[in-house]
Amino acid sequence: MYNLAAIMNQNSSDQHPRKLIIAIDGPAGAGKSTIAARLARKLGYVNLESGAMYRALALKAIEKDTSFEDANALVELADNSSIQLEPTLTGNRTLLDGKDVSQRIRERDVTDGASKISVHPKVRDWMVSHQRAMGAGGGIVMEGRDIGTKVFLDADLKIFLDADPVVREQRRMAQQKISGPVSPNVAAELRERDHRDRTRAASPLVAADDAVVINSTSMTEDEVLTRVEELVREKQGL
């Protein structure tokens, strides 16, 4: 069973702009999660984290000693798990079977596991069906690696957020609170994940034909957010 406790005020009126479906894709370390969370808060939208869904399932697989290679077992595990995304002032809180795993799912073994289980078409199909149901009413910001190319093909706004690999490595280290020169392990893991995401048979990481590509290599977080907000206003006709 999959439960989503991401309930926010979605009331609309003729005085408010139309609620959009906004898809933000890109590689690890590009800043998708941060931008999606900040944008959702500013717009009063729901931030649906596809990555949190995959990481929660990967954590469940680790806890249940389920092979990352067994797609059928992973789907069965998903069917019998409760994953909740609860919005807070600082971002979503992720609950797995009622337990707060927000910090645990950001650790390397879970992140790596999420990338490995995401290559299975059956797992991705399960995720996509649930993600589409969550965002059907609009008023959402969803980030991931195939949101604009697979999950929401008709999203009102598609953004592909990218950055130089070295910059992404540095950002990932900052996120994981690793100081000093770029760790060879962090760099190797990120590049391996990039390769896996871009070359997988099921929904490889690629910018949608109608996506706006933003290279954030030389941009601050605030500058990226400002650019995305401009695109949102254009779509709303403001």
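On a 1 Å grid over the protein atoms alone, a cavity is a set of points where a 1.4 Å probe fits but cannot get out, and its lining residues have an atom within 4 Å of a point. Grid points are joined across faces, edges and corners, and a volume is the space filled by probe spheres set on the points. Searching the whole structure in this way gives 2 cavities of 30 Å³ or more.

The structure is a predicted model, in which local features need pLDDT of at least 70 and side-chain atom pairs count only at pLDDT 80 or more, while totals for chains, interfaces and linings use all residues. Residues are numbered from 1 along each chain as its sequence is written, and side-chain values use heavy atoms, with hydrogens and water left out.

The protein chain has 9 helices and 8 strands; helices (H or I, at least four residues) and strands (E, at least two) are DSSP runs, numbered from the N terminus. Of its 238 residues, 50% are buried, where buried means under 20% relative accessible area, exposed over 50%, and partly exposed in between (1.4 Å probe, protein chains only). A contact means heavy atoms within 4.5 Å. Among the contacts with a separation of 6 or more, 73% are between residues 24 or more positions apart.

The second largest cavity has a volume of about 40 Å³. Its lining consists of A23, D25, G148, K158, I159, F160, V206, A207, A208 and A211.

The interior can be followed next through its nonpolar cores. A nonpolar core is a set of buried Ala, Val, Leu, Ile, Met, Phe, Trp, Tyr and Cys residues joined through side-chain atoms within 4.5 Å. In soluble globular proteins, nonpolar side chains tend to be buried together. The largest core here has 36 residues, and those with the most contacts inside it are L57, I117, V123, M127, I140, M142 and F152. Helix 2 (residues 50-63) contributes the largest share of this core, 8 residues. Apart from it lies another core, of 19 residues, among them L20, A40, V141 and L225. Returning to M142, and not counting residues up to four places away in sequence, this residue touches I22, A23, I24, L48, S50, Q131, I147, V151 and F152.

Helix 3 (residues 71-79) has as its buried residues A71, L74, V75, L77 and A78. Seen down the helix axis, they fall within an arc of 155 degrees, so they line one face of helix 3; the arc is that of the directions from the helix axis to the C-beta atoms. These residues pack against helix 2, helix 4 and helix 5 (121-135). T66 lies in the loop between helix 2 and helix 3. With a relative accessible area of 18%, T66 is buried. Beyond its neighbours within four places in sequence, T66 is in contact with A61, A73, L74 and L77.

The next site has several polar contacts. A polar contact is a pair of N or O atoms within 3.5 Å; within protein, one must be able to donate a hydrogen and the other to accept it, and residues adjacent in sequence count only if both atoms are side-chain atoms. S102 sits in the loop between strand 5 (99-100) and helix 4 (108-117) and is buried, with a relative accessible area of 13%. Its side chain reaches the backbone nitrogen of T94 at 2.9 Å, and a polar contact of 2.7 Å joins the side chains of S102 and D100. Neighbours within four places in sequence aside, S102 is in contact with N92, R93 and T94.

R93 belongs to strand 4 (residues 91-96) and is partly exposed, at a relative accessible area of 31%. The side chains of R93 and D100 make a polar contact of 3.5 Å. R93 and Q103, 10 residues apart in sequence, are 9.0 Å apart in space, C-alpha to C-alpha.

Finally, D194 is found in helix 8 (residues 184-199). D194 is buried, its relative accessible area being 8%. Neighbours within four places in sequence left aside, D194 is in contact with P27, A28 and R168. D194 and S115 are 79 residues apart in sequence and 9.6 Å apart in space, C-alpha to C-alpha.

Methods: 1 Å grid on protein atoms, 1.4 Å probe; cavity = no way out; pocket = protein on both sides within 12 Å on 5 of 7 lines; lining within 4 Å.
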